[in-house]
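Visitor: Hi, I've got a structure to look through and I'm new to this. Can you walk me through it?
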Amino acid sequence: MRTISRSLEETKEVAKGFFETLKSGEKATVVALSGELGSGKTAFSQAVGSILGVKENISSPTFVIQKIYPIDFKEFKNLIHIDAYRLDKETELLHLGWEEIISEPENLILIEWPERVEGIIPNDAKKISFEHLVGEARAINYEN
């Protein structure tokens, strides 16, 4: 599905529609967010946090790599926001406890720049891509 967003409110509506369809499984649910710098990945993550009731301000975890927010959404108990932009190899994410994080079904993981750690992203990860359009408009592409 391709949706055009021209504002943060529209991005929030797209995020709401996408996340209403999610269900937990035997492992964590991973959502891979791809797109160039400034294309809307963090704005989308902020919209998700708002929808899921995160009280803290969600900012890009570029320098700390990951942030964990407690949530109570469907079967999910933790929203884990990861930014792999500064990682050079997949082993760096493994050192941060990736295997443990993805083994927990109550974790909902948003990972920005998944192409930096492509080899360890689960095959069943949900994929969302973002692209700049004219002005403030962004295209948000995903499959249900």
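Visitor: Okay, where in the chain is confidence lowest, and where is it highest?
Guide: This is a predicted model, and the lowest confidence is in helix α1, residues 8-20, with a mean of 90. The highest is in β2, at 97.

Visitor: And what does the chain average?
Guide: The average pLDDT is 91, and 98% of the residues score at least 70.

Visitor: Let's zoom in on β4 and β5. Parallel or antiparallel?
Guide: Parallel. Strand β4 covers residues 76-83, strand β5 covers residues 107-112, and they pair over 6 bridges. To find one of them on screen, look for His81, whose bridge partner in β5 is Leu110.

Visitor: Switching to side chains now. How many salt bridges turn up in the whole structure?
Guide: A search finds 3.

Visitor: Which residue does Glu131 pair with?
Guide: Glu131 meets Arg2 through their side chains, at 3.0 Å from N to O. This pair links distant parts of the chain, with Glu131 in strand β6 and Arg2 in strand β1, 129 residues apart.

Visitor: Why do you call Glu131 partly exposed?
Guide: Because its relative accessible area is 32%, and partly exposed means in between the under 20% of buried and the over 50% of exposed. Arg2 also counts as partly exposed, at 49%.

Visitor: Got it. What does Asp72 form a salt bridge with?
Guide: With Lys77, where the closest N and O atoms are 3.4 Å apart. Asp72 is exposed, at a relative accessible area of 63%, while Lys77 is partly exposed at 34%.

Visitor: And which residue does Arg116 go with?
Guide: Arg116 goes with Asp88, and their closest N and O atoms are 3.7 Å apart. Here too the pair links distant parts of the chain. Arg116 is in the loop between β5 and β6, Asp88 is in the loop between β4 and α3 (90-95), and 28 residues separate them in the chain.

Visitor: So is Asp88 buried or exposed?
Guide: Asp88 counts as exposed, because its relative accessibility is 63% and the cut-off for exposed is over 50%. Arg116 is partly exposed, with 35%.

Visitor: One last thing. Where does Glu136 lie?
Guide: Glu136 lies in the loop between β6 and β7 (138-142). With a relative accessible area of 62%, Glu136 is exposed.

Visitor: What does Glu136 touch?
Guide: Leaving out residues up to four places away in sequence, Glu136 touches Ser5 and Arg6. Glu136 and Arg6 are 130 residues apart along the chain, yet 5.8 Å separates their C-alpha atoms.

Terms used
Residues are numbered from 1 along each chain as its sequence is written. This is a predicted model: local features need pLDDT of at least 70, side-chain atom pairs count only at pLDDT 80 or more; totals for chains, interfaces and linings use all residues. Side-chain values use heavy atoms; hydrogens and water are left out. Two strands pair if DSSP finds at least two bridges between them. Helices (H or I, at least four residues) and strands (E, at least two) are DSSP runs, numbered from the N terminus. A salt bridge is a side-chain nitrogen of Lys or Arg within 4 Å of a carboxyl oxygen of Asp or Glu. Buried means under 20% relative accessible area, exposed over 50%, partly exposed in between (1.4 Å probe, protein chains only). Contact means heavy atoms within 4.5 Å. pLDDT is the predictor's confidence in each residue, from 0 to 100.
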